Amino acid sequence: MRLPGESQSLWRNFQIESFPPLEEDLTSEVTVIGAGITGVTTAYLLVKQGYDVVLLDAGQIVSGATGYTTAKISAQHGLVYDNLIETIGEEKAKLYYEANWDALTMIDEIRKEHEIDCDFSFQDAFVYGESEQSKIKIEKEAKAYEKLGINGGLTDDVDLPFQISSAIKMNDQAQFHPVKYLAALVGYLKEKNVRIYENTRAVDIKKGQKPEVIAENDHLITSDHVVIASHFPFKDFEGMYFARLHVERSYSLAVKTDSKIPEGMYLNADQPKRSLRHAIDPSGEKVLLVGGESHTSGQIEDTLACYEILRAFADGHFGITEIPHRWSAQDMTTLDQVPYIGPITEKNANIHVATGFTKWGMTLGTVAAQLISDLISEKENPYTELFKPSRFNAKSDVKNFTVENVDVAKEFVKGKLDRRTNEVEELEPDEGAVVKVGGKRAGCYKDSTGKTTLVDTTCTHMGCELNWNNGEKSWDCPCHGSRFNTDGKVIEGPATKPLKKLS
């Protein structure tokens, strides 16, 4: 069964309202940058309290990471709790669990309040192992569940068509259709006359008592508070986020099968990672979502091979009759695996950031929205210190900071020494590659008609050399994860400036 020719998320099949770009200077109480689950939910919570909010997105709303998730609403983030007890302590590990549980409860309450039909269903969440090594890890995680009072534990009752060595279950987690859910919240914001702008990339912020957000077209929004919910913070303010985040890309397929599709949500403890859950496609038919094949963003060019590996896995265990959708997502992980949520630096208390959700953005993005809205409205929140972006954890931060930035330095040098000599004439239609033009490195894409586009492959963020991503047809940075389309336009940051076009 062949893969779809183009990458398209199952969730993005659902039509959502469009909004105009920003075409004037504005003032507001709060400017929220990024209209995914974090940004939309933050705006929703603030508007319910009477705040005047402006919501911006660089592209279409809900078209970033939220539109390309596996959409599990869960506090079970792999085998995380044993590790968190070791690195941040039992008390904070329990707070992490409670924060995610609160987020699940909030999503359930919001969809009930607004009667949102978003394919929400409660599902048990499982981490399973197939090796003796993973069995040991799962047993340690079960002890962490006991210490933290987590509702779940070891189980032999899994709905999988292959042999496992062990499994741990977290009871009463959930899944949903994220775009249907957020479309309803956007509808609420529109009813409340919230100013929403699409295709408006924020490129800078001038700090101060009333910070100014500067858009790509030079229009300004002056606010009392700014929320950077753009996935990777495009503005750093000396917070060193580019050096404190690891960026990974992962892949998903929606497949149809004649086999029984498992109930529950599954993630394996071994490598390579595999994620499984069911979903409902636009026709109302149940499909199986298969995810995995994570790698550092920009460091694999043949990303179509990642999809092929998932296809082989799904076909081998379930049998595939059709593959209606394939898509990929980009995710950030912090040095201690706990997100950065709150003031971007201690000196800039009115500019807030939310990033580093480690592939669990449905709950953690909701946690971020509640926490940031509480900070803006000066309410107490039990999770403020846990997620504080300026924290430092010696047990994990020093080691991970060193590893991450040695890798960045290696990729920077590797790109500068790249001596590939592909010729433009060698490219097939709908293919891209690094080529030599006039003795210099360039990125070339040849479209289906044979027209070529040349761009400078030097990332506009910090100067790393970009690589071609054949699965998504984009130029990706192996250092900090910025992505550009074939014309050089920014797809996602931290870069804010387009690539220089050479033809």
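**Notebook: Ser377 and the cysteines**

I started at Ser377 and found that this residue touches Gln49 and Tyr51, leaving aside residues up to four places away in sequence. I am working with a predicted model here.

Next I looked up where Ser377 sits: the loop between helix 7 (361-376) and helix 8 (384-387). I checked its accessibility too; at 17% relative accessibility, Ser377 counts as buried, because the cut-off is under 20%. I also followed the side chain of Ser377, which reaches the backbone oxygen of Ser373 at 2.7 Å.

Then I turned to the cysteines. How many disulfides does a search of the whole structure find? I got one. I see it joining Cys464 to Cys479, with an S to S distance of 2.1 Å. I noted a torsion of about -100 degrees about the S-S bond of Cys464 and Cys479, so this disulfide is left-handed. I placed Cys464 in the loop between strand 20 (452-455) and strand 21 (467-469), and Cys479 in the loop between strand 22 (474-476) and strand 23 (483-484), so the pair ties together parts 15 residues apart in sequence. I find Cys464 buried at 3% relative accessibility, and Cys479 buried at 5%.

I have Cys444 down as buried, with a relative accessible area of 0%.

My last stop was Cys477, which is in no disulfide; its nearest cysteine sulfur, in Cys459, is 4.1 Å away, while the disulfide cut-off is within 2.5 Å. I noted Cys477 as buried, at 2% relative accessible area.

Key: Residues numbered from 1 in each chain as written. Predicted model: local features only at pLDDT ≥ 70, side-chain atom pairs only at ≥ 80, totals over all residues. Heavy atoms only, no water. Helix = DSSP H or I, 4+ residues; strand = E, 2+ residues; numbered from the N terminus. Buried < 20%, exposed > 50% of the residue type's maximum accessible area, 1.4 Å probe, protein only. Polar contact = N/O pair within 3.5 Å; in protein donor to acceptor, adjacent residues only side chain to side chain. Contact = heavy atoms within 4.5 Å.
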